[in-house]
Structures are given as C-alpha cells and as structure tokens.
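Colleague: Could you take me through this structure, as I have not seen it before?

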Amino acid sequence: MLLRIRDLDVTYRTAAGPLPAVRGVNLDVNAGQSVGLAGESGCGKSTLAATILRLQPPSARLSGSVLVDGEDVLTMRWGPLRALRWAGASMVFQGALHSLNPVRRIGQQIAEPIRLHEPSVSGAEAARRVGELLEQVGLPASRAATYPHQLSGGQRQRVMIAMALACRPRLVIADEPTTALDVMVQAQVLTLLRDLVRDLDIGLLLISHDLSVLSSTCDRVAVMYAGRIVEEGAASQVFKDPRHPYAAALAGAFPLIGDLAARFGPAGLPGDPPDPRHLPTGCSFHPRCPVAMPSCAETDPPAVPAGPGRTAACLLVGDPEREPA
Amino acid sequence: MNGPLLEARELQVRFHAGRGKRPVRAVDGVDLAVGRGEIVALVGESGCGKTTLARTLLGLERPQDGTVLFDGAPLGYGSGDLKRYRRRAQLILQDPTGALNPRQTVYESVAEGLRIHRAVARKQREGIETSEVDLVSAALAKAGLRPPEGFFMTYPHELSGGQRQRVVIAGALALEPELLVADEPVSSLDASIRGEILALLLRLRDELGLTVLVVTHDLGLAWNIADRIAVMYLGRIVEVGSTEQVLQAPEHPYTQALLSVVPEVEEIEPVVLAGEPPDPSRIPDGCRFHPRCQALAGGAAEAAGVADRCISDPLPVIAAHGGHRAACWLAEARSPSSP
C-alpha cells in the first residue's frame, strides 16, 4: 500500500476554541491507482492533503497515522521527511499562476527540486531531465526557456505537474488542479494525469469539489463532509448510484445533459455546511439532509459496508426498509 | 413591444494590441437576440470573446461596428444614456467575494445602487410611497435572503459563498432591472450551492419576468436553466438554437467536441481538441475552426466534398432570428435547406 491513512484527526487550535478539520479519516491509495476526494470548501479535504506531506499549519494537533510506503509521516524525523517531500510524494496546487515564480524561467523552476534533492546531478543532466519532464506533460522541451506569463493557463498547470514529477515521486496529490481551467483544457489535463498514473505507476490523490470530474478520472472516490468521509467506493458507482444523501446531492449538482428531470430543475442542497466548531449532534449532515429521521440527530453513524467494495456512513444504509431510493 | 429585449447586429469589437501589432478581434461579427423573459446561455472557452460580447451588450465596451439595441432602440453612449441603461440592465460577476466591499455591510452594498440612481425619489415622483429600507428589504427577499432585516448589519466575511452571491444578486435586483447579465455566476461556488443559485435565477425569470443572459463555459448549467444556447468560438457565434437542439443534436464540430469532454455526458467518445483556442489577432481563413476541426482532420469534410471550402471560404454570420443554425460548411452540406 502506497498511502495508508488510519483514524486521522486534525484539530486546529483557534481563539474561538478547537476546530476539528479532519475527523477519523481512513483512506488508501495504491500504486497505479487514482483516488478522488470530493467535498465542499471547508470540509477538510485540503487539510487532509496537506497533512499527508505534514504541511499543515503549526496550530494543528494530529492523531492517527499517515503511512507512506509503510512509514508514518506524522512521527517521521526531519531528514526523512524532507526526502519524502518531492521525492516520495509531491503536490500539484490549484492556482498555477500564483505558484510559479514570475521572474524565473520555467526550466529553472522545474530543475530546482532536482538540484535540491539530488545534489549529485550535474547541470546538464538536470536540463536534460527538465526537457524530458516537459515532453512527458505534453509541452515541447524548448519551453524550458519561457517565463510563466508567456504560457496559457493550461500550459502553466502542465508545468506544475512536470514540477511535481521532477523527483520521480510515487505519490502525487493534486488539489483542484483543473478548477480555474476551461472545459477543453480541463479535459487535456485530466487525460494527462490519467496517462501518467498508468505509464509511471504512480498513485494519484485527486481533490475536487466536482464529483463528475472525479468519476471520469479516478478508480475510486471518497466523499467528505464536515471532516469525515461519508461515502467511499468505485468512482462510477458513487457517482451513478450514491448511497449517502450528501453524495447524492453532490452527484446531482452537475446534471447529466439529456436528463429531463434536471431540465429547468437545478438540484441544490439547502443550507450551508456546518461550522466545524459547532457541529450538529448525531450525523453532522442531518440538518441539511432531505431524508433525515429523528434518530439522525442522536446517532453519529459509523461507516458501514454499502455493497461490494464500498462504505457509507448513513443510518439509512443497510436498513432494508429505509434504503434511500 | 414584441421584439427582442436585447439585440446585437453585426457587432465588432477590436482591441489595439500595441504599435505594429495586429488588432485583437475579440468580437468579430455577432448577431444575437435575447427575447423578453428568456434565459440565453452564451457558451465558449476563455478567450473566445464571450465576456467582451457581454460587456459590449451592457455598454461597457463600445463596438467599432454594429449596433446594440435594447427594447428596440440603439444604445446611446453618452453618460446620461448609459446611466439610464444601467437601471434597466445589470451585471453579476463570477466572484462574489471580490464584488463586495469587505468593509461595507450588506445593507450598504445593496443600497449603494439605489442612492446612485436616486431610486427612492424616483419612486415617490411616480406616487409610490417607499423608503430605502423597503427597497433594500425587497431586493434581499427576492434574492432569497430571509428575513432581510437579519442581514442588514452583516459583513461579507460573516456570510457563506452562496449568501454572498445572493447579496450581489440583491444589489443587481434593487433597481428592478429588466435584464440581468450573469458572467459565470456559479463557477466559483461549491457544488451544493450552485443548484440553489441557478434555481434562484429561474425563479426570478418566472416571478419577475426577468430576462437573463448567462455567460458560461458550463454546459450543464445551460442544460439546467437556459431556453436557448449560443456557442461562441473566436469572436463569432458558431451555433445557436434551443438548448435541446444544441446539446442533444449539435451540428457544429466544435459544439460536438465541447460536449464530448463534459463528464456529464455519457457514452460519447471524447474528442479532446489539441492546443488552446487560437489567437484572436490571427483568425484563420475559411472556417475559423478549421485548424482544430476533428471533422476536417478525420476526413468527414473531405468525404462530403467541402474540405476546400472549410479551408478557404469564410462562413456568413448566423442570423439572430430563426431556429437551430450552425456556421459550418459540413453541416450545411448535410442539410442543404439551412444557410
């Protein structure tokens, strides 16, 4: 198992009291596998991603374990941790424009992690690898000499991906890599990520609020709400036949073109995500849930099997009389 | 009046890119009509000119050629004309956080437009007894912020993303406009909130008879709320028709490619076009889509005997009135009745 997260809790200390951002998360990613993590802003998905590389803010208190190749990132000493970042696992951030240095050529920026992590690599060798990386992400090697402003949004995002691959990591975490991109460019970047997972046998954790993007790119999908994974399973199943009412709402938010029920009937979910400092009692989704029962306000449901290879944390799952339609 | 509320005729907007450079032809010949109470989606990739077209329709850009007609009359560009126009046509932008002043309360944000346009005095002259508080309350309630008084003294940072977008919409509704132009109204919002905002736009049309032009790259949004769709590519509208026609029986290869990469459409072999939309300062000869066209590259145009026309004959501008049309030589060869 490349990535194995067990019982992870991340709580921020704030002036207004403890803020639980991640609550009891279990998640696995294998080599050659892509796993999607879906959820709204504030659900804890970016905190979870940062914690995998131990990049969470200093005010965070952690418990549980994050094993990358069997080693616990949370208790790792500084030297191995530094080696892990970039070389073991790397990250593609959302805003490529803000993550690239505007006054340095992109070739230098891609070479930087190589030079820092592998000091024995000569300048010429680093330049050769930069050219290879650019070609791997579908850009001509000659683009190494350009500055970020000379590239389009999609090209910059490709550069970010090339940089993440620079030290040949086995795990890549991509946090909303296509959010700011157009449909056609988004399709190009997602196709690229899918090909890289297959060709390089890396594990990919892809984070997005758009369940439809995840379902078309990933093998498995986990849906997160208020710090907890509420449903997990094969990507196409979670999108087409969600078992948790929140996963159903996310899946319905992006309509199937041709679905007559969605024509002049945009599906929304009333209300707002809860304040993590004052989570509702019982199931944290129950105040917004269209099928909530009185018992939902009392019992916080654990994740239970919801079919072959999938789990959901909902009192209605597994109850044959009350299975959500 | 029975004509369209908003109409563009042979609209051209060019920007000068600098000395010795070719001008950027952002809008390069567009005819478009938006009927009263209609929701029209203007769809395309970034850089296709859709935002420039929307700004021109609102009088924020002045076209070099062509006319914008509102309620049958050509738009005037004097400051008084534009001020009058802005009471009737309002813009909603993508990012509600950027559109709201963080140091202004919700009440102040919504009341600002009313003060600029002296809306209270105007109403009283018409013999309608009202106050600023009444108008702000009414606008917030229409935007779904209830009870409105509860939001008066809140600041943007105290609101969720969906509530902020509702405040922006309330600010636009306060002046009781006839037309809303919404530029990517939900693309910065979370999935669960998106549906609520789209439902609000639909309700405003049904209850207030509002006309909405929504600029988006999101075909699912168009399927959710739009009556008609205009697909834009490199400054031109390349396909127009009812939402069902354009999304379920697209004729233009560009529309077909856009649809094939939308994850929400199943069982279509994805056509991922290579490259980025080309440079609007160098619009290709012939059909402007031909260098990226999968029907030309795949030989379908050749088989229909139109490949030469695709490369060298420019296509006429699609007329604003009429049914489902596509600016494509291949589509025309297949159905000789359409122009």
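**Domains and the chain contact**

Modeller: Chain B is divided into domain 1 (6–16 + 29–226) and domain 2 (250–334), with bounds that come from an automatic or database domain assignment. This is a predicted model, in which local features need pLDDT of at least 70 and side-chain atom pairs count only at pLDDT 80 or more, while totals for chains, interfaces and linings use all residues. Residues are numbered from 1 along each chain as its sequence is written, and chains are lettered from A and ligands numbered from 1 in the order in which they are written.

Colleague: Which element gives the most to the side of domain 1 of chain B that touches domain 2 of chain B?

Modeller: Counting two residues as in contact if their C-beta atoms, placed from the backbone, lie within 7 Å, 12 residues of domain 1 of chain B are in contact with 11 residues of domain 2 of chain B. On the domain 1 side, two or more residues each come from β1 (6–15), β2 (24–34) and α9 (219–225) of chain B, where helices (H or I, at least four residues) and strands (E, at least two) are DSSP runs, numbered from the N terminus. With four residues, the element that gives the most is β2(B).

Colleague: Which element gives the most to the side of chain A that touches chain B?

Modeller: Between the chains, 35 residues of chain A are in contact with 32 residues of chain B. The elements giving two or more residues to the chain A side are α7 (183–200), α8 (211–217) and α10 (245–253) of chain A. With six residues, the element that gives the most is α7(A).
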